[in-house]
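Biologist: I'd like to learn how to read a structure like this one, feature by feature. Please give me the general idea each time, then show me the case.

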Amino acid sequence: MSNNSAVVQGEDHYLNHSRGLMSWLGTLDHKRIGLMYLFSVLLFFLMGGVFALLIRLELFKWGGHNLVDANTYNKFFTYHGAIMVFLVVIPAIPAALGNFILPIMLGAKDVAFPRLNLASYYIFMTGALFAVLALFLRGADTGWTFYTPYSIRTNTTVLLVLFGAFIAGFSSILTGLNFIVTIHKLRAPGLTWMRLPLFCWALYATSIIQVLATPVLAITLVLLCMERILQIGIFDPKLGGDPILFQHFFWFYSHPAVYIMILPAMGIISEIIPVFSRKPIFGYKAIAYSSFGIALIAFIVWGHHMFVSGQSELANFVFSLLTMFVAVPTGVKVFSWVGTMYRGSIHFNAPMLYAFGFLELFTMGGLTGVFLATLAIDVHLTNTYFVVAHFHYVMVGGTLMGLLAGLHYWFPKMFGRMYSETAAKIGFWLIVIGFNVTFFPQFILGAQGMPRRYWSYLPEFTFLNRISTLGSGLIGVGFIYTAYYFYRGMRSGAKADANPWNAQTLEWKTSSPPPHENFHETPVVTQWPYEYLPEDTSMPANLR
Amino acid sequence: MIQQAFAGSVPLQGTEVAVRWDSLYNFLVGLSIFFFVLVVGSILYFIVSYKHDSKKKTQYITGSHLLEAVWIAVPTLLLMVIFVWGYSVYHAMTQAPSDAYEIRVIGKQWLWTFQYDNGRTTVGEVFVPVNRPVKLVMTSEDVLHGFFIPTFRIKQDVVPGMYSSIWFTATVPGKHQAYCTEYCGTSHSAMLAKVVVLEDHQWKAWNQNKEIGPIPEAGQPLPSKTQVAGTLGKKPLIQNISLVEQGRQVYQSKGCVACHSTDGTNKVGPTHKGLFGTQVELANGKFVLADENYIRNHIEYPQANTVKGYNPVMPTFKGLLTESEMNALIAYMKSLK
Amino acid sequence: MGSTSQKHHHILPTKTALTIGALLLVLTAITVWIAHIDLGPFNFVIATAVATLKASLVALYFMNLKYESSENRMIFITSFLFLAIFIVLTATDLFFRQEVSVHGTFIAEGSSQSKLKKPWVSTPELVAHGKEIYAIQCVACHGLEGKGNGPAAAALNPAPRNFEAVDGWKNGRKPTMVFKTLKEGLPPSSMASYATLPADDRWALTHYVLSLHPQVEVDSPADFARVGIDPNQESVQEKEDPKISIELAMSQLAHAESGMERGAHLYHSRFEQVQEGPFIGKYLYQKHCLECHGDHGKGGIKVSVLGVYPVAFVATHPLNQQSPSMNSQEVFNQAVIRGIPGNLMPGYGNLSSSELKGLYQYLKAENE
Amino acid sequence: MLQEETVIHHHAHHFTSANHEFEAAKQGMWIFLVTEVLMFGGLFVAYGLFRGLYPEMFHEAHQHLAVHMGALNTVVLITSSLTMALSVSSAQKGHKVSSVRYLVLTLILACCFLGVKYFEYSHKFHDGLLPGGFFTNTEIKSPKASLFFSLYFMMTGLHGIHVLIGMGVISWILRRTLRGEFGPSYYTPIELVGLYWHFVDLVWIYLFPLLYLVG
């Protein structure tokens, strides 16, 4: 291990560089901030997950009244949605993994504005605090979409949740701003644009969306708060406003937000597949540019959420047409990943397994997306369980698989120890099988016409709902098991090498875990990060 | 039950547009299966063929412009075909013929009200003629709702302050299920309706306020007497069943279940279990005996009879229930011990 | 470290700054000046163009964008690009929504056929009946004496007709033409269609407003032909235009809480009320009327709701002895059941006759 | 003018030079302005759409705004933008005294702006020209005029909040200038605050014709 030779075990690294609670809470080190994000996000994931299980339990039997009453159920799905979207999937990869990895990948000592970085963490937590506070008051029952006029009329504490989401939005903006400047200004010598790892490209595209779209969410939420406080009436038909305009405002942010969630995951997959196939990435430029293609198209397709909302037929025509083009850059990525495996030397470590999981689930999510982009088909399927299944395949199958792949991939770098490979495989199968059992039946339920956000359903839907509930239990077990073996790995896993996967991006050129300033000497880059030569097929982690 | 769950992943075809919809849907399903097998199949093939072997070398490939051009061009072409096809079906769904029979629909938390040209009004059930274009002109009194008939493959949000419309030509007589598909609060999942497609003679009779006899669920034969007793209350009014059973069906179809329960739990309104014969405290502090007169009076003048502890949100059903429906309903509520 | 490396940075010369500042002030003066000249839609174009020019000056010189790196310039311009996407794509919805219209003989059915014999001939009874209806339906705009100076007239352009003048009647002063005006309204003016009134009432109104000026005009056979009336027949078979506006239909619907059967049953509820008059009257008043007419029918409350959409304000009528709609039970019933089009008074067609009686009695008792 | 003493500024460890740090900070500020454009942009979009839908209403409602007040505020804000620009260039040249003078002038002008706004707002309150549900004015005949005033208060209100924030950061910069922290070698904060203040001016340049001069 030539890279590792300089680092003596037990040497100073970012985890033991300084000690005590305050050294974490007041840290400016992007790695520590990344970890704080990670654990906060996982905490919120647990909360969102509990709500998901409660929802599924309520739906175990038809007719309602299985666990809770309708009002409580409505709060459950609102909380599940709002927590998962605003507090989990949006920050999960950029703010947690991205914060940790991006500067190291660029060969920088930190992000461009470390103080701002810490501030955005606390802004995020403040937003989360407000949203969670509402839980202990009267909750919120609007669904995470806050559609007017219901969100104006309901007497639940929507205001607090709106305020929380508004604040958390600023955290997202500031992270994006920080990343863009970091990528522009802090690349190591020799790291030209065309040598940038694809994860950085993905984060770059993501940051652009965060910076351009999130302010619109901010103003939308402010206007909605003002509807409730000052009755401004812009979205309230009683006062002459237009409730459909609210949907435009909301989806102008929330559709691009879907790509805030998925693009970084795609970046992670683009990193993992060449490493574990021991082959250069197929079509580097195409993948890099397609990230930008997706980011751009993200902004011109929001109306496909509103095909039956009462918007004009012209708008439906335009948005359906534009939406079709999302599939093109997405297809380019998927085909390029598959192409990368061709004539490779494939290692089956957990990160690669999760990358396969991603490909399977995301392909299904993507293909069913074409159904929903097609005007006539969407009329029947929208607002049914088909949509629920579709976006879970994309968000869980995409973002969460990407997050888990990335966590396994960078686990040795973050904590300097390995997790148990066998345990990871068991966890993988639990989660993937559980996921398919939970959500595949929902496609059929949706096609049969079961609407979403239903507390009670008609008896003919019982069987598939039961299967779905059972599957959700399996996912739950899978995640608890994963948390367990991660914890074991952090406490007592085998010591990790600096570069256990024999990968070529810059984060593997420093010790595991990295020192406080990431590199002892500023690295100089001389080649692109996917230079896997034909004989370079072995992987230290698999040689033990 | 399993059979029921998988017997066709889409509901029966209740309109002509549903037939067109299904062919496009099936095309998409086929296409998706093809691409899914292509992607996952090649992954599996590569996994098996190129599993790590320390003796084998990899091949240094960084891309192929030809392949990239192919997998940009082919999906783009296919997507354009899908778009044009999808739009043409959609266009057929939205452009109502000018001679369509019009019905006014009002959504309100959590009831559907339908008004007809002949002056009749129905709640929870909309009566339409078979094989004749029908246009629903819809608005909402409070928040967003969505009107969705799966068997017709149509759906449209109902927006307060503006009017939206959908149309259909039903081809299958019988009762079709309709749902509210835009989240509207507490009893969103109970905001159901039945689309009753009538044969010509039934339609004529219904228009003249005459009895039209039992109507089966769409695509199913009329249930026999014994079946009725064992099923779940989604069956039509049948004259030769008991008054209580009729009342139970009224209770379901007129939307009482949206706010009231029969199992002792209080929802938006109080439960009706064991209500009959008890003293009820009203919001104005008065106590009244829950007898036949009170029930009738409450249904017709709910605002004056709001029960203490509940909000005065119940709409009046005055004029929406026939005398026989009212009697059946009272009989049913008496039976809820 | 801490070098003087910022010296490459462009520094705005004081002279340039002052020039730009002066230019901005001049441009401000120009916009204000141009706004006072009416150029139609070009006012907006010029105002926005000048604003953009000013904004560009601020951005280029004060914000130094002219000497900024192309990276930063692109970043700033991108924001406007995405704003343009936002507004253009949203506009494809808001400005292109389909209009929904409704056909059918909804509401008007059953009330449109005249039962009078030769209704185009004025009789004292008709004029008297017309006066009653006029007091409810027309005074708001045309005024008590028909001078076109009612309380709502000030806001209307063109001003409401002065029935005491002979000239300028849009459809002329022949009975059939006035009847036609009542039926169809005079779009785009504020004169609404009163097709929802029974045809007899419209004939009565016709004769009443014509009686306000002594000059009499008589219909020629051509006039009759134009409205499809055969003057040799005893009664009129009016050809009903089957179209009414969806707004009217829907607002009527929205107010009909129970959806009582309409049309032929407009006047007679099938369900007779068992409760006693004053009690139900008070209850109904509190439920339906209190919000707009205030305690004891004293009126004068500003109301801002018509249907669900437009916001406008009207002070409500007092419901006391002077109120024309309180003249008799019949007049009262008509006003309550139909509402008063053009005013904000919605119709309450679902009230039964005993409920109406109760309501009327209650109001009478309150004002004694 | 006196040349102030050169200030030594140490740049953060992850930058290679002070200029590197300055360029990064400035780019960060530009990106922040982008988010501001889009945030205000939401309101401008709502304005554009409602104006397109109800042109007569906008025309009638805007007559109840005081054009002379709006024009006065435009002049005030443009002048303050000029003084801000002069303050920044003075700081860059190292002229501390004139930089301070211009900053104080900018602050005074900002106060004037808010003062004028205060009179405008209280006049609107008095006339019942309030947003949405609180609208009680009876002079305006067009329906939905409350929407115009909702937009008016939202847009000028959000802008007013930005002016307040701007006054806060200008005071902060003033304090640091007085302490002699800026000079030709380090003036990043004052330049960034300058950018922010010009942006606030820029928003008003559009608000004025859109709200007060509806054609």
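Modeller: Let's begin with what pairing means: two strands pair if DSSP finds at least two bridges between them. Keep in mind that this is a predicted model.

Biologist: Then which residue is the bridge partner of His145(B) in β7(B)?

Modeller: His145(B) has Val158(B) of β7(B) as its bridge partner. As for the strands themselves, β6(B) and β7(B) run antiparallel and share five bridges.

Biologist: How do I read the whole sheet, and in what order do its five strands come?

Modeller: In general, strands of a sheet pair through backbone hydrogen bonds, either parallel or antiparallel. Here the order is β4-β10-β9-β6-β7 in chain B, an open sheet with mixed pairing. The edges are β4 (125-129) and β7 of chain B; each has a single partner strand, so one side of each has no neighbour in the sheet. If you ignore direction, neighbouring strands of this sheet are turned by 25° against each other on average.

Biologist: There is an open sheet with β1 in chain B too. What is its strand order?

Modeller: It reads β3-β2-β1-β5-β8 in chain B: five strands, open, with mixed pairing. Its edge strands, β3 (121-123) and β8 (164-169) of chain B, pair on one side only. From one strand to the next, the twist averages 25°. Look inside at β1 (residues 101-108) and β5 (residues 133-140) of chain B, which pair in the parallel sense over seven bridges. There, Glu102(B) is opposite Lys135(B) of β5(B).

Biologist: On to helices. At roughly what angle do the axes of α1 and α2 of chain C cross?

Modeller: For α1 (residues 14-35) and α2 (residues 42-62) of chain C, the axes cross at roughly 170° and come within 10 Å. With angles over 145 degrees counted as roughly antiparallel, α1(C) and α2(C) are therefore roughly antiparallel to each other. Residues making the contact include Leu23(C), Leu27(C) and Ile30(C) on α1(C), and Val50(C), Leu53(C) and Leu57(C) on α2(C). By class, that contact of α1(C) with α2(C) has 14 nonpolar, three polar and one charged residues.

Biologist: What handedness does the crossing of α9(A) and α11(A) have?

Modeller: That crossing is left-handed. The axes of α9 (residues 284-298) and α11 (residues 327-341) of chain A cross at roughly 150° and come within 9 Å, and α9(A) and α11(A) are therefore roughly antiparallel to each other. Among the residues that meet are Ile287(A) and Ile294(A) in α9(A), with Val332(A) and Lys333(A) in α11(A). The contact of α9(A) with α11(A) divides into five nonpolar, four polar and one charged residues.

Biologist: Zooming out, how many residues does the contact take from chain B and from chain A?

Modeller: Interface size is often given as the accessible area lost when the parts come together. Here we have residue counts: 78 from chain B and 80 from chain A. On the side of chain B that touches chain A, the largest share, 15 residues, comes from α3(B). That side of chain B has 43 nonpolar, 24 polar and eleven charged residues.

Conventions
Residues are numbered from 1 along each chain as its sequence is written. Chains are lettered from A and ligands numbered from 1 in the order in which they are written. This is a predicted model: local features need pLDDT of at least 70, side-chain atom pairs count only at pLDDT 80 or more; totals for chains, interfaces and linings use all residues. Two residues are in contact if their C-beta atoms, placed from the backbone, lie within 7 Å. Helices (H or I, at least four residues) and strands (E, at least two) are DSSP runs, numbered from the N terminus. Ala, Val, Leu, Ile, Met, Phe, Trp, Tyr, Cys and Pro count as nonpolar, Asp, Glu, Lys and Arg as charged, and the others, Gly among them, as polar. Axes are lines fitted to C-alpha atoms, for helices over the stretch in contact, and angles run from 0 to 180 degrees between N-to-C directions. Angles under 35 degrees count as roughly parallel, over 145 as roughly antiparallel, 65 to 115 as roughly perpendicular and the rest as oblique. A crossing is left-handed if the near helix is turned anticlockwise from the far one by less than a right angle, and right-handed if clockwise.
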